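Please find below a note on the structure under discussion. The points are arranged by region and may be read in any order.

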Amino acid sequence: MSVDSNLNLTDTIKDVLSPEEVLNDYRLVYESRQASLLGRREVLTGKAKFGIFGDGKELPQIAMAKVFQPGDIRSGYYRDQTFALATDISSLQQLFAQLYANPDVEAEPNSAGRQMNAHFASRNLDAQGNWKDLTKLYNSSPDASPTASQMPRLTGLAQASKLYREIPELEQLTQFSRGGNEVVFGTIGNASSAEGHFWESLNAIGVIQAPLVMSIWDDGYGISVPNEFQLTKTSLAEMLSGFQRTETERGFEIFQVKAWDYEALLEAYTAATNLARNEHVPSIIHVVEVTQPQGHSTSGSHERYKTKERLAWEVEMDCLTKFRQYVLDNELSTEEELAAMEKTARKTVRDAKNRAWKEFQDPIKAENEELATLILQAASVATEKQTLQELAAELKKTLEPSRREAMAVAHQALLLLRGVDAPEVDRIRKWRKEKKAAGEYRYDTYLLSESDLSPMKVEHVPAQYDAEPEMQPGFEILNRAFDSLFGRDPRVVAFGEDVGQLGDVNQGFKGLQEKYGINRVMDTGIREATIMGQAVGLALRGLRPIAEIQYLDYFIYGLQTLSDDLATILYRTAGGQKAPAIIRTRGHRLEGIWHAGSPLGMMIHALRGMHIAVPRNMTKAAGFYNTLMQGDDPAVVVEVLNGYRLREAVPTNLAEMTEPLGVPEVIREGSDVTIVTYGALCRIAMEAAEQLASCGIEVEIIDVQTLLPFDIHHKIVESLKKTNRILFLDEDVPGGATAYMMQQVLEVQEGYYHLDSEPRTLTAKAHRAAFGDDGDYWSKPQVADIFESVYGLMNEVDPVRFPDFL
């Protein structure tokens with residue numbers, strides 16, 4: 001299924017490919033088209049909810065598959081079904097299993113029914129969550145639906161090959177790379193090429209000069225919107241011409257080829273792949289004259305927005321039609337032989353569809369039959385006998401059952417059986433409980449690592465100190481911690497704006513580029529989305545990146561990549577892939593709208609699937625980095641921006657100490673009010689506590705340390721049982737992270753039952769922090785604000801002892 005990657009392009013394709021291989025290509029193209037047609041029909045008849053297919057793009061994907069080798073990586077989107085079939089990333093039966101959302105990972109290995117059809121992901125981990133040998137696999141990074149979201153991770157996936165080639169210490173990691181020879185293949189549609197992620201990613205890859213072959217399938221439309229409304233110039237190749245490399249300037253090699261031109265496609269993909277694999281020169285292949293025979297998806301018809309002339313042209317220029325004619329014109333087969341092949345192909349696709357449907361439905365039908373039997377047995381001891389019998393009968397005759405419907409029937413049956421004390425009713429309850437648990441396993445697992453490498457399982461090694469410890473500024477403690485990480489693990493790389501030569505704006509990486517080289521401590525441009533993409537792609541290929549967003553206020557630039565891609569990788573592949581990247585950033589107390597942000601509520605809710613650590617000082621931060629580097633989950637560490645110059649005691653075991661995730665620390669004991677906070681406000685809360693103590697109020701201050709996970713041992717509610725009053729404190733907007741913390745303590749930990757006063761929150765204002773000392777004073781919680789909030793609680797309890805003084 002491959003063209004010689006060292007094909008001399010002075011040879012003709014006819015000299016290289018046998019007639020048998022060309023006919024096999026036609027068979028694959030035809031089968032893929034039939035899968036698209038049949039898949040659409042399955043949606044329209046109600047067997048599947050939604051369908052999106054790759055019709056019209058089959059032939060260029062055959063050409064791409066021919067140069068794709070074991071170890072290579074795809075980062076594409078939901079049009080690449082022919083490529084998936086040609087590389088065995090997916091089978092016909094698996095295509096339909098995903099269309100039906102079969103939750104059996106053996107039947108649907110891409111996502112175990114968690115993603116809609118045509119979202120591909122190779123299973124790169126074994127059942128224990130350990131890496132397989134990626135150099136022996138046809139690798140597909142996990143697809144995501146948001147347009148162009150596959151682009152940022154391309155940066156890291158391709159850069160990994162460069163690092164594996166250029167960092168000698170990585171040569172031992174032979175399960176991830178063969179000397180950096182792996183090529184990354186990206187795909188995107190013409191309309192998504194208008195997204196910022198597309199341009200930012202190409203720019204980053206052009207700077208890095210990483211081995212990428214980027215395919216753009218250009219059918220002239222973005223759903224109903226033609227290119228003239230998408231792009232400044234209707235020709236993407238013309239727009240991209242500025243990326244063209246020259247004899248003196250780096251860049252891309254750019255090809256433009258027609259989607260129906262079999263020989264030209266093979267030549268273009270062979271040339272582009274040779275450049276990428278051998279010289280690490282990236283290429284862009286702009287595939288034009290692409291058709292889309294069924295329109296964008298099953299949610300609409302393209303006849304509504306395409307002219308009759310355009311529709312007629314698409315029929316004439318369809319790559320399947322043109323390829324068929326190519327086979328006949330070159331006398332590689334006869335009309336009769338092709339007709340017979342097509343008949344066999346239609347049956348092959350239909351049989352695969354039927355097997356997938358049967359494999360999906362049989363277990364559900366068996367469960368329904370079991371439930372119906374249990375309901376009939378219970379009907380014999382119930383007053384609502386006839387209604388229950390009718391319920392069972394309806395369940396039995398359902399032609400295309402779902403587990404959701406069966407759960408609703410079980411609920412209805414138990415409602416009818418209220419008050420009936422009988423073993424027959426207990427059996428229905430047991431059935432429902434078991435099926436509910438099974439459903440939770442199918443759909444509620446793999447948000448975070450469940451392997452032995454989970455950072456939640458890392459042993460806590462407390463910091464140890466000399467009797468008279470050495471004192472250093474926080475940034476120097478971090479610098480020493482990072483130095484030890486780099487020294488003991490060659491997989492660790494760090495990058496971001498000003499990280500390399502400068503050592504980051506706060507000197508955490510000072511001197512480490514000089515010590516470890518520019519391929520391990522790297523500067524990047526100002527491009528947060530692709531910095532996050534680098535982290536994703538490198539981590540998917542076995543490296544341990546620390547990617548820096550310089551300030552927390554800039555986090556939003558990279559949030560989409562983190563939220564839609566990194567945070568969901570383990571979940572949307574049902575444990576098939578992981579990307580343990582660490583995102584480093586800083587924020588909180590610096591003054592001004594753009595450098596004082598603490599948008600933790602936004603992050604908490606957008607980044608489920610990642611850990612979020614909020615250390616109060618740099619020693620704690622170092623402990624979290626040590627913990628996370630021993631684990632296999634992605635995480636964010638938010639350092640306190642004005643803490644780098646504060647002096648801290650240096651642990652004697654800085655390289656070995658770890659901080660546990662989800663374990664708060666009581667940093668001041670008290671009996672009257674519990675203050676729950678984190679990060680920069682720990683120090684300010686401690687100042688307020690001293691003032692409160694002078695008035696006879698003893699507060700207990702708890703540093704939550706991590707927001708995801710949050711207090712896994714319910715330590716905070718134990719404090720609340722003692723104080724019966726609580727204040728949630730942070731610098732987020734009102735209703736942000738404080739509301740989350742309140743829900744965790746009062747609802748999850750059942751702290752509500754231990755309150756003697758209303759729970760309170762104290763946050764920053766809804767507006768951004770104003771500049772200057774006075775702006776900060778009226779924007780963020782101060783010592784006086786904390787004092788007043790806590791004192792007010794005690795004033796309500798005992799106004800005589802704590803009289804109002806304001």
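This is a predicted model: local features need pLDDT of at least 70, side-chain atom pairs count only at pLDDT 80 or more; totals for chains, interfaces and linings use all residues.

1. Nonpolar cores. The largest nonpolar core comprises 83 residues, and those touching the most other members are Leu202, Phe555, Ile583, Leu607 and Leu707. Apart from this core lies another of 65 residues, among them Val183, Tyr262, Tyr326 and Trp357. In soluble globular proteins, nonpolar side chains tend to be buried together.

2. Surroundings of Leu607. When residues up to four places away in sequence are not counted, Leu607 touches Phe555, Leu559, Leu562, Ser563, Ala567, Ile612, Val636 and Leu708.

3. Helix H14. This helix covers residues 403–416, and its 14 residues should span 20 Å at 1.5 Å a residue; the end C-alpha atoms are 20 Å apart, which agrees. Its buried residues are Ala406, Val409, Ala410, Ala413 and Leu414. Viewed down the axis of H14, these buried residues fall within an arc of 135 degrees, so they line one face of the helix. What do the buried residues of H14 pack against? Their partners are helix H12 (335–379), helix H13 (385–397) and helix H15 (423–443).

4. Helix H18. The 13 residues of H18 (528–540) reach 18 Å from the first C-alpha to the last, close to the 18 Å expected at 1.5 Å a residue. Of these 13 residues, 13 are buried, so H18 is largely enclosed by the rest of the structure. For H14, by contrast, the buried residues line one face. Just after H18, Gly542 takes a positive phi of about 95 degrees.

5. Backbone geometry. Most residues other than glycine have a negative phi, and most peptide bonds are trans. The peptide bond from Leu708 to Pro709 is cis, with omega near 0 degrees; Pro709 lies in the loop between strand S20 (706–708) and helix H24 (715–723). Tyr446, although not a glycine, has a positive phi of about 65 degrees, and is placed in the loop between H15 and strand S9 (471–473). Ala574 is likewise not a glycine and has a positive phi of about 50 degrees. The loop that holds Ala574 runs between helix H20 (569–572) and strand S13 (582–587). With 8% relative accessibility, Ala574 counts as buried, because the cut-off for that class is under 20%.

6. The largest pocket. Its volume is about 940 Å³. Among the 36 lining residues, the closest to the centre of the pocket are Phe360, Ser402, Arg403, Arg404 and Tyr443. Which element gives the largest share of the lining? It is H15, with 8 residues. At least two lining residues are supplied by each of helix H5 (92–99), H12, H14 and H15. H12 and H15 are also elements against which the buried residues of H14 pack.

7. Ser90. This residue is in the loop between helix H4 (81–86) and H5. Is Ser90 buried or exposed? At 2% relative accessibility, Ser90 counts as buried. Leaving aside neighbours within four places in sequence, Ser90 is in contact with Ala84, Leu85, Leu95, Asn110 and Phe120.

8. Val650. The loop between strand S16 (647–649) and strand S17 (665–668) contains Val650, which counts as buried at 5% relative accessibility. Beyond residues up to four places away in sequence, Val650 touches Tyr465, Pro469, Glu470, Met471, Gln472, Ile477 and Arg480. Val650 and Met522 are 128 residues apart along the chain, and their C-alpha atoms are separated by 27 Å.

9. Ala766. This residue belongs to the loop between strand S22 (760–762) and helix H26 (772–777). Ala766 counts as exposed, at 66% relative accessibility, because that class requires over 50%. Not counting residues up to four places away in sequence, Ala766 touches Val733 and Pro734. Gly736 is 30 residues from Ala766 in sequence, and the two are 9.9 Å apart in space, C-alpha to C-alpha.

Conventions
Residues are numbered from 1 along each chain as its sequence is written. Side-chain values use heavy atoms; hydrogens and water are left out. A nonpolar core is a set of buried Ala, Val, Leu, Ile, Met, Phe, Trp, Tyr and Cys residues joined through side-chain atoms within 4.5 Å. Buried means under 20% relative accessible area, exposed over 50%, partly exposed in between (1.4 Å probe, protein chains only). Contact means heavy atoms within 4.5 Å. Helices (H or I, at least four residues) and strands (E, at least two) are DSSP runs, numbered from the N terminus. The expected span of a helix is 1.5 Å times one less than its number of residues. The arc is that of the directions from the helix axis to the C-beta atoms. On a 1 Å grid over the protein atoms alone, a cavity is a set of points where a 1.4 Å probe fits but cannot get out, and a pocket is an open set with protein on both sides within 12 Å along at least five of seven lines; lining residues have an atom within 4 Å of a point. Grid points are joined across faces, edges and corners, and a volume is the space filled by probe spheres set on the points.
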